[in-house]
Amino acid sequence: MGNWVENEGLSIFVVLVWLGLNVFLFWWFYLAYDVPEKFFYTRELLGHALALARAPAACLNFNCMLILLPVCRNLLSFLRGSSACCSTRVRRQLDRNLTFHKMVAWMIALHTAIHTIAHLFNVEWSVQARTEDKKTLASVLSKLGDKPEESYVNFYRQTIPNPMGGLYVAFTYLAGLTGVIITLALILIITSSTKTIRRSYFEVFWYTHHLFVIFFIGLVIHGAGRIVRGQTDESLAEHKPEICYKNFSEWGRKGACPIPQFSGNPPMTWKWVVGPMFLYLCERLVRFWRSQQKVVITKVVIHPFKTIELQMMKKGFKMEVGQYIFVKCPAVSKLEWHPFTLTSAPEEDYFSIHVRIVGDWTEGLFNACGCDKQEFQEAWKLPKIAVDGPFGTASEDVFSYETVMLVGAGIGVTPFASVLKSVWYKYCHDATNLKLKKIYFYWLCRDTHAFEWFADLLQSLETQMQERNNAEFLSYNIYLTGWDESQATHFVVHHEEEKDVITGLKQKTLYGRPNWENEFKTIARQHPGSRIGVFLCGPEGLADTLNKQSISNSEADPRGVHFIFNKENF
């Protein structure tokens, strides 16, 4: 139970608090419009749709306040790096920033749908009450405001009947027009954020996501028209709705109830979002300032499997293991920024990234760096690069454990290249202060090409550990997951050779997928009473598997073995 809390509990606690606040706000504001006599006559016009529109509006304000905070990367990195305000458990929650960002986005979509549907009924009933000739309470209320000494409660002042009246409200009233715009912007943002679009058409995702600027501008001014109106406090003192509504035809006559007076609700959204918008503006200013700093590409290395390595230098650049940066290449696109994990170690005098060529932008970078040409590319011909970062990730906590499991899938091995390089440098210079005592490294790849650019690093580390009589420090297992039995059988005949015929390493390549239950149980037996960090950079399916194994193989006793799951998330 203890490890379940450590792996899942705090995040579940955060989610429950967030959901609880949404439920509370919905319930509170529903009652605030469905009960008080201030909105008695507004409810006579609109019914329960009034409260059903205002309650999700409050939840929208709350969630729009939150939506920008998880993408303030510099703020999160500052908090993550500040031991004074961030414990290990809090940092683990900060690493789930994009997950929370997506959850908040879906909540915004839900409340937008409820708010929009409720207002469709509100508009229809407002137009209908204004244009009907019947002597009903709704009709009398709708005619208030036609005389100079009166104030209106029905925001619709025209006499155009439905359905044209509803369209008139949608495209001529500030609330209607901004509502249409921000709803369309939200639909485009959400539909272009699906995994398929992000992976296959990243540019579409990137550009449509910046419609958030239009969304927030429309959101702030959406309520400026004050179409939701209630009876004023002065009017309530002399006109009691629950008594006077019965004699609405006598209003204003001597001895009868006076004509009620109304005023619109002041816009409130800006009070919710002004703080996060200011923080995000500061975030963008910091990013812009960083992007203007000069970055020099010192070396471009072409690796097999359509992967290139960019080695760069930038004045004042400091990094930690496993961090990532955002890269922009104006020669490819003047606006697009793409995230890449740093593959260099903090001890090196440069920083590097590995880029796999899988889309239009990476193909453009490949060509801009002259990798499509046979001749040597001179340094001055290399494209200009802008860099934002570095930003913290879960891998920064690797050195906080004595025992770790590092699991990389395909190109997802890149953050662990930085970790293993840093381990190598620490062992070369001073290993006495290194808390980390044991690394279990797993790399899952579909074919052999991906091994080639990483094998040299593993060979160097393997040799270093053997020279220092500490070969047990690093245990690594490389799995070929895309080979069938016939392909694997061809290499099994060489299994007894000193080095693996595929990687050149002493550790033999394995075929298929790991039996994670056996791996976890074996490691748990070898390290009783330890807190073991499990770090993954890979797909969601593998993340679910490792998370479940981390929970199921941890002991209830606080003094027993505990697996702490961490996933790269950027």
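Which residue does a disulfide join to C244? The partner is C257, with an S to S distance of 2.0 Å. The model is predicted, and this distance comes from its atoms. A disulfide is a covalent bond between the sulfur atoms of two cysteines. The structure holds 1 such link.

Look at the geometry of the link next. The angle about the S-S bond is -75°. C244 sits in helix α14, which covers residues 241-244. C257 sits in the loop between α14 and β2, where β2 spans 262-264. The pair therefore ties together parts that are 13 residues apart in sequence. Both cysteines, C244 and C257, are buried.

Two further cysteines deserve a look. C59 has a relative accessible area of 0%. The cut-off for buried is under 20%, so C59 counts as buried. C369 has a relative accessible area of 2%, and C369 is buried as well.

Now turn to a sheet. Here 3 strands form an open sheet. Their order is β6-β5-β8, and the pairing is antiparallel. Which strands stand at the edges? They are β6, residues 338-341, and β8, residues 386-391. Each has a single partner strand, so one side of each is left without a neighbour in the sheet. From one strand to the next, the twist averages 25°.

The contact between β5 and β8 can be followed residue by residue. Strand β5 runs over residues 324-328. It is joined to β8 by 4 bridges, and the two strands run antiparallel.

The surface comes last. Which residues make the nonpolar patch of about 610 Å²? They are I160, M164, L167, F171, L177, I181 and I214. Two elements give two or more residues to this patch: α8, residues 164-172, and α9, residues 174-191. The largest share is that of α8, with 3 residues.

Is L177 buried, partly exposed or exposed? Its relative accessible area is 36%. Buried would need under 20% and exposed over 50%, so L177 is partly exposed. Patch residues need over 30% relative accessible area, and L177, at 36%, is one of the residues that make the patch.

Definitions and conventions. Residues are numbered from 1 along each chain as its sequence is written. This is a predicted model: local features need pLDDT of at least 70, side-chain atom pairs count only at pLDDT 80 or more; totals for chains, interfaces and linings use all residues. Side-chain values use heavy atoms; hydrogens and water are left out. Two strands pair if DSSP finds at least two bridges between them. Axes are lines fitted to C-alpha atoms, for helices over the stretch in contact, and angles run from 0 to 180 degrees between N-to-C directions. A disulfide is a pair of cysteine sulfur atoms within 2.5 Å. Buried means under 20% relative accessible area, exposed over 50%, partly exposed in between (1.4 Å probe, protein chains only). Patches are made of residues with over 30% relative accessible area and no salt bridge: like charges are joined within 9 Å, nonpolar side chains (Val, Leu, Ile, Met, Phe, Trp, Tyr) within 5 Å. Accessible areas come from the Shrake-Rupley method with a 1.4 Å probe; for residues, only the protein chains shown count as cover. A salt bridge is a side-chain nitrogen of Lys or Arg within 4 Å of a carboxyl oxygen of Asp or Glu.
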